Amino acid sequence: MRIDAGLSKLLGLSRNAVAGLAEAGDVLVDGSPAGKSDRLIAGSWLEITLPAAEQPLQVVAVPVEGLKILHQDDDIVVVDKPIGVAVHPSPGWEGPTVVGGLAAAGVSIATSGAAERQGVVHRLDAGTTGVMVVAKSEHAYTVLKRAFKERTVEKRYHAVVQGLPDPSRGTIDAPIDRHPRHDYKFAVVTGGKPSITHYETVEAFRAASLIDVKLETGRTHQIRVHFSAIKHPCVGDLTYGADPVLARRLAMTRQWLHARSLSFEHPSGGWVSFESEYPDDLQRALDELRDQDG
């Protein structure tokens with residue numbers, strides 16, 4: 001394998017980070033500096049000098065416009081996440097976060113987990129809107145983490161994808177991992193993590209289809225990657241091959257993808273369900289598709 005790809009897997013770093021180490025002369029193969037595109041040969045002696053550890057990310061309490069609390073009790077807080085909001089701080093992200101917004105609203109969450117993502121039991125992309133749950137108690141954190149891992153949580157999304165999927169109801173079972181060439185993307189790749197998406201067409205238009213999606217697994221960008229792989233990318237998702245002309249026509253500046261509902265066993269007992277309405281930009285695009293067909 002190439003140095004950047006191989007050491008990325010070996011060390012758990014991004015390929016860009018490994019490339020930076022190589023450019024700085026911090027990757028030696030058999031005592032000689034190696035470039036990011038050099039090949040790893042079995043039996044070689046690797047010496048990698050890692051940079052000093054960065055300071056841990058901190059949650060900053062900043063109000064988040066549009067962040068709605070749908071439900072709150074002693075164990076959990078369920079929110080409706082708006083567009084352009086990350087779930088927790090991460091390297092390179094300077095925008096608003098769900099945990100920062102909750103802190104600003106005076107909501108205390110569990111202290112389990114890394115400092116920047118305490119209480120976080122699942123995530124949504126910054127560009128994906130909808131319903132999500134955050135643990136408030138340590139008990140809830142443990143119970144919900146296990147529930148997501150064991151796939152007993154029912155996560156339903158609505159998406160508008162280009163064209164009409166055939167069959168109109170089915171399952172996409174294809175492994176996902178980082179894109180072999182673009183570090184910021186994911187792709188269906190041999191040897192990737194098992195990834196399963198169930199879908200059903202709700203409404204069909206000439207240019208696109210509204211679909212209901214049930215995730216069996218929860219890989220990063222899973223819905224976007226799977227529907228791109230079957231040639232029906234989410235409308236507006238230019239990163240994964242959406243038609244820019246259709247995106248402009250519908251005034252979509254991000255993927256049409258919404259976490260519609262979330263159902264799970266409450267940490268204190270009993271099955272609970274929460275639902276999120278479409279935000280304005282998604283509703284307008286859907287209305288436009290209906291008008292064009294009408």
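Predicted model: local features only at pLDDT ≥ 70, side-chain atom pairs only at ≥ 80, totals over all residues.
The chain contains 7 helices and 14 strands. Its radius of gyration is 21 Å, close to the 19 Å given by the globule rule for 294 residues, and the chain is therefore as compact as a globular protein of that length. Along the principal axes, the C-alpha atoms occupy a box of roughly 65 × 45 × 30 Å. Of the 294 residues, 45% count as buried. When contacts between residues at least 6 apart in sequence are considered, 62% join residues at least 24 apart.

The accessible surface of the chain amounts to about 15,000 Å², and carbon and sulfur atoms contribute 50% of this area. Charged side chains comprise 32 positive and 37 negative groups, with a separation of 4 Å between the centres of the two sets.

In an unreviewed entry, UniProt lists residues 75–229 under "domain: Pseudouridine synthase RsuA/RluA-like".

Glu138 was examined individually. This residue belongs to helix H4, which covers residues 138–149. The relative accessibility of Glu138 is 34%, so the residue counts as partly exposed, the limits of that class being 20% and 50%. Leaving aside residues up to four places away in sequence, Glu138 is in contact with Ala110, Thr111 and Ser112. Gly113 lies 25 residues from Glu138 along the chain, and the C-alpha atoms of these two residues are separated by 9.9 Å.

How values were computed
Residues numbered from 1 in each chain as written. Heavy atoms only, no water. Helix = DSSP H or I, 4+ residues; strand = E, 2+ residues; numbered from the N terminus. Rg over C-alpha atoms; globule rule 2.2 N^0.38 Å. Buried < 20%, exposed > 50% of the residue type's maximum accessible area, 1.4 Å probe, protein only. Contact = heavy atoms within 4.5 Å. Areas by Shrake-Rupley, 256 points an atom, 1.4 Å probe, with all protein chains shown as cover. Lys, Arg positive; Asp, Glu negative; His and termini not counted. Charge placed at Lys NZ, Arg CZ, Asp CG, Glu CD. UniProt positions renumbered as here; feature names shortened; annotations may be inferred.
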